[in-house]
Amino acid sequence: MKSFHCSHCQNLVFFENTQCVHCGHRLAYSPSREAMVAIDTGPASGAVTDQAQAKDATHASGAGSTARPALRLCRNYVEQAVCNWAIDAGDDHELCVSCRLTHVIPPLDDPQMVVLWHRAETAKRRLVVSLLALGLPVLERTAGARDGIRFEFKQPQPGESVLTGHHEGTITLNLLEADDVLRERLRAHFEEPYRTVLGHLRHESGHYYWDRLVRDSMRLGGFRRLFGDESLDYKNALIHHYQHGPRDDWSEGYISAYASVHPWEDWAETWAHYLHMVDSLETARACGLSLGPRRTDEPALRPNTSGEDLMRSSFDALIDSWFPVTYLLNNLSRGLGLPDPYPFLLNATVIDKLRFVHDTIVTARGGLGPGTARKAA
Ligand SMILES: [Zn+2]
Ligand SMILES: [Zn+2]
Ligand SMILES: [Zn+2]
């Protein structure tokens, strides 16, 4: 992800911030500007004037003129404090482009559920902004847009189980996954090295984009050669996994034990992993991080001085940059007495699968590859 600065005072801020700790301005992320905008709240509920626009308007038409609100706050920002995004003036929707994808939310009279909903939306905004940055279609699934995507954040009722999963464009998240204690218990129970809300959402988005980018495309043959035949009985594969555990040799060809369940799960796990990788690499490059190895044959990370789009790098350049970043990530964490944030090993088979995901995304965004010109829209 990019790094962000308060548009008023240029202080570094996080993507999740709602206020600048330096100048005190309220902040909102504008997806169309890809920026954190400092805002003044206007008299009308949710109407805002961003600092840059107010200055321009005063400059253009004399002191005392009132700038037309260029942005509005998302209704979930104003009423529920579960969002920090803004909406462009020309967009009539009450919800931002991320919140409008959520079609089921928990009961708002339960404060604990609102906390969990907030965490789920926060992770989802990170997913949405990554997907948009990759140039992937992110459209709300409605009656008129059957190939869109929608989210359901569900609280299990007594005696009911909510399965986190994807079905025909609907991604369901059991909101209890946003409860740190419960999720950690499940992670330990299933002997998983990594389990996060963002990881779940990235994984499920993989199933959605498989339907859109692979299922009916020329890429299906290549997919089967690498990931296997997805027409294998999916339900039986899941039952077998939960009864007998993963196959013993999973680490030889899969990114995780769960990936070895079925080719669809292998794809979704690999897709999620690819998103982990490009998001973290983009952050490293946006912060000007540069890593020089001691030996010349070790991979290095060079700072992105040209402002080059990460996806214009070759896959080999991406993966070479990734190894030193993972070493740094884990070592910094160990220095703080924390577990490795990146508990994965990438072997040649897994790297080939990641390359396939990369090529699928490059193909989807209109043949934009290294050295080719970006096509209009
Ligand atoms: Zn500021
Ligand atoms: Zn929102
Ligand atoms: Zn899955």
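Start with contacts, meaning two residues whose C-beta atoms, placed from the backbone, lie within 7 Å. Of the contacts in the chain with a separation of 6 or more, 50% come from residues 24 or more positions apart.

This is a predicted model: local features need pLDDT of at least 70, side-chain atom pairs count only at pLDDT 80 or more, and totals for chains, interfaces and linings use all residues. Residues are numbered from 1 along each chain as its sequence is written, and chains are lettered from A and ligands numbered from 1 in the order in which they are written.

Now confidence. pLDDT is the predictor's confidence in each residue, from 0 to 100. The chain has a mean pLDDT of 89, and 89% of its residues reach 70 or more. Two stretches need care. Over residues 54–68, pLDDT stays under 50, and the model has 8 contacts there beyond four places in sequence. Residues 367–377 also stay under 50, with 11 such contacts.

Next, the elements. The chain has 10 helices and 11 strands. Those are DSSP runs, numbered from the N terminus: helices are H or I, at least four residues, and strands are E, at least two.

On to burial. A residue is buried with 20 or more other C-beta atoms within 10 Å of its own, exposed with 12 or fewer, and partly exposed in between. Of the 377 residues, 31% count as buried. Just after H4, Glu191 takes a positive phi of about 55°.

What about the core? A nonpolar core is a set of buried Ala, Val, Leu, Ile, Met, Phe, Trp, Tyr and Cys residues joined through C-beta atoms within 7 Å. The largest one has 73 residues, and Ala28, Cys74, Ala86 and Ala120 touch the most other members. Helix H8, residues 263–286, gives the most to this core: 11 residues. Leaving out residues up to four places away in sequence, Cys74 touches Cys83, Trp85, Ala86, Ile87, Leu95, Cys96 and Cys99.

Last, a sheet. Strands pair if DSSP finds at least two bridges between them. This open sheet has 4 strands, in the order E8-E9-E11-E10, with mixed pairing. E8 (102–104) and E10 (165–167) are the edges, each with a single partner strand, so one side of each has no neighbour in the sheet. E10 and E11 (residues 170–174) run antiparallel, joined by 3 bridges. His166 has Ile171 in E11 as its bridge partner.
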